[in-house]
Amino acid sequence: MKLFSWITKDTNIDFLGARKLTYFISVLSIVLAIFFMATKSFNYGIDFSGGILMEIKDEQVINLDKLRKELDNLDIGEVNLQTIGETGTEVMIRAQAQMLDEKEQMKAVNEIKKILGNDVEIRRVELVGPQVGDELKKDGILASVIAVLGISLYIWFRFEWQFALGAMLGLVHDILVTVGLLSLFQIDFSLTTVAAILTLAGYSVNDTVVTYDRIRENLRKYKTMPQIQLLNKSVNDIFSRTLLTGLTTLLASISLLIWGGDTLLSFSFTLVWGILIGTYSSIYVSTVILNWFDLRKTIENKEKDVNPFGNVG
């Protein structure tokens, strides 16, 4: 109960007092993310890389070395075996098979099934050609770019261009740092990961819009308050809401990360990290950037444009 009361009570934290440090942290994070993407690339899933993916289960522990030697005799490119869970009875087989057409891939699947035998349960089979993988990769990038631009246009329409710039930079920061981590840890990057990134963007901008709404409200309410103090107050006003929303969403995402299995690892990891980085960026990227501009003058000019004659009578 004490923890709950602490979370819900009013705060008076000098968030923007740490802005110089967070400038450095944010820029360094982006630079490192770009470095990892350039040097380590990504561990593309079957959706993007193309090839054959099979998930199998046996009653006995599967001998990976023996299975790998038998599969290496097939002309299906590099073969990667990954155990699922801790029992050793479930294995994911990933074969590049990128230069094979659909018929050749099906033939390769049948040959793999012969090696596995009838006692092994085939839980999942996925076949993706190289051309389809490239198209999905381009579509994933395009979807992310359109999402960022669409959200920025919405913020511009609802608030002002300064707010739209802050929201866009916050989203770009979140996405770059997230994909940088996926590259660093070589976590499977698939269409599911793209879905998680878009979910991350939606969560981040939701937090940002709530903060922006309070900033605009306080700009009209406190006419003489220094801008940096006003931004601090606005963040503190909705901080308990940010904490409660973040914690409840984080608990669900962590549960998915722990018990969701290897199939949902990239999705759940991206969600958990996205909640953390989205909360950070809504304060230390999207909000801090607003201090570069004279927001009060912008609001006053907009109100004059709406009512050019001022208050009459």
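Colleague: Leaving aside its neighbours within four places in sequence, which residues is Ile215 in contact with?
Modeller: This is a predicted model, in which local features need pLDDT of at least 70 and side-chain atom pairs count only at pLDDT 80 or more, while totals for chains, interfaces and linings use all residues. Residues are numbered from 1 along each chain as its sequence is written, and side-chain values use heavy atoms, with hydrogens and water left out. Taking contact to mean heavy atoms within 4.5 Å, and setting those sequence neighbours aside, the partners of Ile215 are Phe163, Leu230, Leu231, Ser234, Thr287, Leu290 and Leu295.

Colleague: How many residues does the largest nonpolar core have?
Modeller: A nonpolar core is a set of buried Ala, Val, Leu, Ile, Met, Phe, Trp, Tyr and Cys residues joined through side-chain atoms within 4.5 Å, where buried means under 20% relative accessible area, exposed over 50% and partly exposed in between, with a 1.4 Å probe and protein chains only. Ile215 is one of the residues with the most contacts inside the largest core, as are Phe163 and Leu295. That core has a count of 40 residues.

Colleague: Which helices each supply at least two residues of this core?
Modeller: Helices (H or I, at least four residues) and strands (E, at least two) are DSSP runs, numbered from the N terminus. By that assignment, at least two core residues come from each of H6 (130–158), H7 (161–184), H8 (191–221), H9 (227–237) and H11 (265–284).

Colleague: How many residues are in the other core that lies apart from it?
Modeller: This separate core includes Met54, Leu81, Ala108 and Leu116 among its members. Its count of residues is 18.

Colleague: Is Ser253 buried or exposed?
Modeller: Ser253 is placed in helix H10, residues 239–259. Leaving aside neighbours within four places in sequence, Ser253 is in contact with Ser268, Leu271, Val272 and Ile275. Because its relative accessible area is 6%, Ser253 counts as buried.

Colleague: What share of the residues of the protein count as buried?
Modeller: The secondary structure comes to 12 helices and 6 strands. Of the 313 residues of the protein, the buried share is 42%.
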